[in-house]
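Hi,

Here is the structure I said I would pass on. Have a look at it first, and my notes follow below.

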Amino acid sequence: MLRRLEGSESSILTVQSNLANSYQMLGRLGEALRLRRDVYSGRLKLNGDQHADTLLAVTNYASCLLSLRRFGEVKSLLRKAIPVAPRV
């Protein structure tokens, strides 16, 4: 919907992240995970891996994976993100 209204890519990702927050709080983890993955992917493309918004997106994605007890994926994801964090 925001794309039709000419929303910026960053604004669209922010709205998707907020929606994912709501889904996660309601226990709709599958839907939240899909949005978290999309937001993280979008932030990587838009900002690169060395940006605060991307790091926030990856931690939110990891949090959702933790809720689903997908520990191996969390470990792999955070192994990539943690070395970048001190530089941001």
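Before the notes, a term: buried means under 20% relative accessible area, exposed means over 50%, and partly exposed lies in between (1.4 Å probe, protein chains only). Helices (H or I, at least four residues) and strands (E, at least two) are DSSP runs, numbered from the N terminus.

Bear in mind that this is a predicted model, where local features need pLDDT of at least 70, side-chain atom pairs count only at pLDDT 80 or more, and totals for chains, interfaces and linings use all residues. Residues are numbered from 1 along each chain as its sequence is written, and side-chain values use heavy atoms, with hydrogens and water left out.

Let's start with H4. Its buried residues are Val 74, Leu 77 and Ala 81. Among what covers the buried residues of H4 are H2 and H3; contact here means heavy atoms within 4.5 Å.

Now the core. A nonpolar core is a set of buried Ala, Val, Leu, Ile, Met, Phe, Trp, Tyr and Cys residues joined through side-chain atoms within 4.5 Å. The largest one has 17 residues, and those with the most contacts inside it include Leu 33, Tyr 40, Tyr 61 and Leu 77. Two or more residues each come from helix H1 (9–25), helix H2 (29–47), helix H3 (52–67) and helix H4 (71–81). H3 gives the largest share, seven residues. Not counting residues up to four places away in sequence, Leu 33 touches Tyr 61, Cys 64, Leu 65, Leu 68 and Arg 70.

Which residues does Arg 43 touch, beyond those up to four places away in sequence? They are Ser 10, Leu 13, Thr 14, Gly 48, Asp 53, Thr 54 and Ala 57. Arg 43 is in helix H2 and counts as buried because its relative accessibility is 6%.

Leu 55, in helix H3, is buried at 16% relative accessible area; leaving aside neighbours within four places in sequence, Leu 55 is in contact with Asp 49, Ala 81, Ala 85 and Val 88. Leu 19, in helix H1, is partly exposed, at 38%. Leu 19 and Leu 35 are 16 residues apart in sequence and 7.9 Å apart in space, C-alpha to C-alpha.

Cheers
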